[in-house]
Amino acid sequence: MAIIPARYASTRFPGKPLALLGGKPVVQWVYERASQVFEYVAVATDDERIQNCVKGFGGRVIMTSPHHCSGTDRACEAMLISGYNPNIVVNIQGDEPFVDQAQLKALATCFEDEDTDIATIVRPFTGSYEELEDPNKVKVVRDDKDFAMYFSRSVIPYTRGAEPSAWPSISAYYTHIGLYGYRADVLKKISKLPQSPLEKAENLEQLRWLQAGMRIRTAVSDSVSIGIDTPADLEEAQRIIKNNLHG
């Protein structure tokens, strides 16, 4: 089961799920890609404009409460409303138009390990330090079994004894792709957890789960994925589509 939380309000880019990318709304790109893998896909929203958009392209949409603090909480409500009874729920952010089949399958593989409560995707970072320090690019450090140790908007790990400009060539960095899978019972549990101090500090909901002792397994993907957090991200996504069409 795949749920795509999508909200209209956004501090950095209001209305981004409806922003046109290659002639289609961003949320439609996400929906169509998810539908290549999952039989049941639904957009979860609290906004009639998004609801009408999804219905307009023939998608399934579930209206949820406007009071959720995170997309995960919204996904949990949508799962319960749907009447579906999944073992695993995949939460695909409504602003990830380039999510691909390989990433979705990688998430499913993570749950072959019984210790996995939640799964997510990370990508090896290959850019400059200036790009790495962008707080909109969430960084993650992992343990030897590929479980996440911490997520941060700051650059982690800190590479001691070197100029920051050299860090990407010295240490391995991973950036987080906003794609999650949960065991259904875990999703119900975490949706009832109060926001944690770490979550409030960094505005990252996955820190609530780590702080509560959940184990988040990561899968590595080299696939290009751009979350549409800002108008500049949308411009970059437009360039990717243009290059793919004419490359």
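Tutor: Happy to. Two strands pair if DSSP finds at least two bridges between them, and helices (H or I, at least four residues) and strands (E, at least two) are DSSP runs, numbered from the N terminus. This is a predicted model, in which local features need pLDDT of at least 70 and side-chain atom pairs count only at pLDDT 80 or more, while totals for chains, interfaces and linings use all residues. Residues are numbered from 1 along each chain as its sequence is written, and side-chain values use heavy atoms, with hydrogens and water left out.

Let's begin with strand E1, residues 2-5. E1 runs parallel to strand E4 (residues 41-45), joined to it by four bridges, and isoleucine 4 sits opposite valine 43 of E4. E1 also pairs with strand E6 (residues 88-92), again in the parallel sense, over two bridges; here alanine 2 has valine 90 as its bridge partner. Ala2 and Ile4 point one way from E1, Ile3 and Pro5 the other way, and all are buried. Buried means under 20% relative accessible area, exposed over 50%, and partly exposed in between (1.4 Å probe, protein chains only).

Now for the core. A nonpolar core is a set of buried Ala, Val, Leu, Ile, Met, Phe, Trp, Tyr and Cys residues joined through side-chain atoms within 4.5 Å. The largest one has 30 residues, and Ile3, Ile118, Phe151, Ile190 and Trp209 touch the most other members. Elements that each supply at least two residues of this core include E4, helix H3 (71-82), strand E7 (118-124) and strand E9 (148-152). A second, separate core has 26 residues, among them Val54, Ile92, Cys110 and Ala219.

Ile156 leads us to the backbone. Isoleucine 156 and proline 157 are joined by a cis peptide bond, with omega about 0 degrees, and proline 157 lies in the loop between E9 and helix H6 (167-170). Most residues other than glycine have a negative phi, and most peptide bonds are trans. Aspartate 146, not a glycine, has a positive phi of about 75 degrees; its place is the loop between strand E8 (139-142) and E9. Aspartate 146 counts as partly exposed because its relative accessibility is 27%. Asparagine 203 also has a positive phi, near 60 degrees, and is found in the loop between helix H8 (197-202) and helix H9. With a relative accessible area of 59%, asparagine 203 is exposed.
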